[in-house]
Amino acid sequence: MIDFSREALGLSESVSIELSPFEGRGSDRTFFRLKWNRKDSAILLHYDPKRVENTYYADIGTFLRDINVPAPRLIRHDPAGCLIVMEDLGDTDLWSLRKTLWETRRTLYQKTLTIVHRLHSFPEKDFPSGRVRLMEDFGPDLYRWERDYFRDHFVRDVCGIELKPSFEQELEAELSSLSERLAGTRRSLVHRDLQSQNVMIRDEEPFLIDFQGMRFGSPFYDLGSLLCDPYVDFSNSERDELLSFYYGLSKWDLDWATFQNTFWEASAQRLMQALGAYGFLGLKKGHKAFLEHIPAGLHNLHLAAAHVASLPRLQEISQACQRVIEQKR
């Protein structure tokens, strides 16, 4: 890895390189910070190609920079060795700023939403599919996988709740209809994991990272990911302010009330996926830290389901899960 990094960075053998691992971001990847000359640095990434989305990261990153969506600059990619050297954006992300004044956070989130809107506005017909591969589009199969993930790894494994067949049938019908509505919204490129730890801040400007799961789907999924992020607390007025800001960036064929309703439905879909991931990573993979985010994620899921009239069964199961989680604490 040192030899690859040295070649990628154009450093001679006489230059000493310090290689220090730091906490990975999951997805079967290992990150290192490279330091030399005391002040210069870069990031080295080693990935497992068995997780196919990892093999897409480098080309997606180059594409994002081509369309003026800030992302780390790729310095060198070795597909055979599964190694990437890229720009070091530092250690500050939106999550690390979660307790700063709203006046500061508002500006950073508005800048992030402006960048994300640029991604969402990219014409699908212009996407260079010949050189940039993406994961499977959002559609019936992926939405079904997400809700099954939620029921299996969160409702059953974390909460210990076995759904009665009649209730499960009603819940499945409700969530299937939800996926059909989301599939009928405006279609765009979506980041797919747009939460506070995946937006780096350098010189007061945001950069997107961890975009290997990018695909075509509903832009509302990204909005739900960012504005109902379990890692960050928003007041109702703060969330409404940011959602209104994004709404004003486009001409929509949806009125404001319908736009808000769709946002909350998409947020519920996203939060089901997140809670399923917390259960899977925390219990099956042994990453216990993810279990700490369950109360906030569950609170947000109940909030999302309560905002719409279309998800009564999801609201009911989220309440039941809340009671279980509260008893465990």
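Predicted model: local features only at pLDDT ≥ 70, side-chain atom pairs only at ≥ 80, totals over all residues.
**Exercise 1.** Determine how helix 8 and helix 9 are oriented relative to each other, and which residues bring them into contact.

*Solution.* Begin with the axes: those of helix 8, residues 256–284, and helix 9, residues 294–306, come within 9 Å and cross at roughly 155°. Next, compare this angle with the cut-off, since angles over 145 degrees count as roughly antiparallel; helix 8 and helix 9 are therefore roughly antiparallel to each other. The handedness comes next, and the crossing of these two helices is left-handed. Finally, look at the residues that meet: helix 8 contributes W264, S267, A268, L271, M272, L275 and Y278, while helix 9 contributes I294, G297, L298, N300, L301, L303 and A304. Sorted by class, the residues of this contact comprise 11 nonpolar, three polar and no charged.

**Exercise 2.** Work out how helix 6 lies against helix 8, and describe the classes of residue in their contact.

*Solution.* The axis of helix 6, residues 219–227, comes within 8 Å of the axis of helix 8, and the two cross at roughly 70°. Because angles from 65 to 115 degrees count as roughly perpendicular, helix 6 and helix 8 are roughly perpendicular to each other. On the helix 6 side the contact is made by F220, Y221, L223, G224, S225 and L227, and on the helix 8 side by F259, T262, F263, A266, S267, Q269, R270 and Q273. Dividing these residues by class gives seven nonpolar, six polar and one charged.

**Exercise 3.** Find how many cavities of 30 Å³ or more the structure holds, and identify what lines the largest cavity.

*Solution.* The structure holds one cavity of 30 Å³ or more, and about 50 Å³ of space lies in the largest cavity. Its lining consists of Y57, A58, G61, P72, R73, L74, I84, M86 and F211. By class, the lining divides into seven nonpolar, one polar and one charged.

**Exercise 4.** State the volume of the second largest pocket and describe its lining.

*Solution.* The volume of the second largest pocket is about 230 Å³.

Technical notes. Residues numbered from 1 in each chain as written. Heavy atoms only, no water. Axes fitted to C-alpha atoms, helices over the stretch in contact; angles between N-to-C directions. Helix = DSSP H or I, 4+ residues; strand = E, 2+ residues; numbered from the N terminus. Parallel < 35°, antiparallel > 145°, perpendicular 65-115°, else oblique. Left-handed = near helix turned anticlockwise from the far one by under 90°. Contact = heavy atoms within 4.5 Å. Nonpolar A, V, L, I, M, F, W, Y, C, P; charged D, E, K, R; others polar. 1 Å grid on protein atoms, 1.4 Å probe; cavity = no way out; pocket = protein on both sides within 12 Å on 5 of 7 lines; lining within 4 Å. Points joined across faces, edges and corners; volume = space filled by probe spheres on them.
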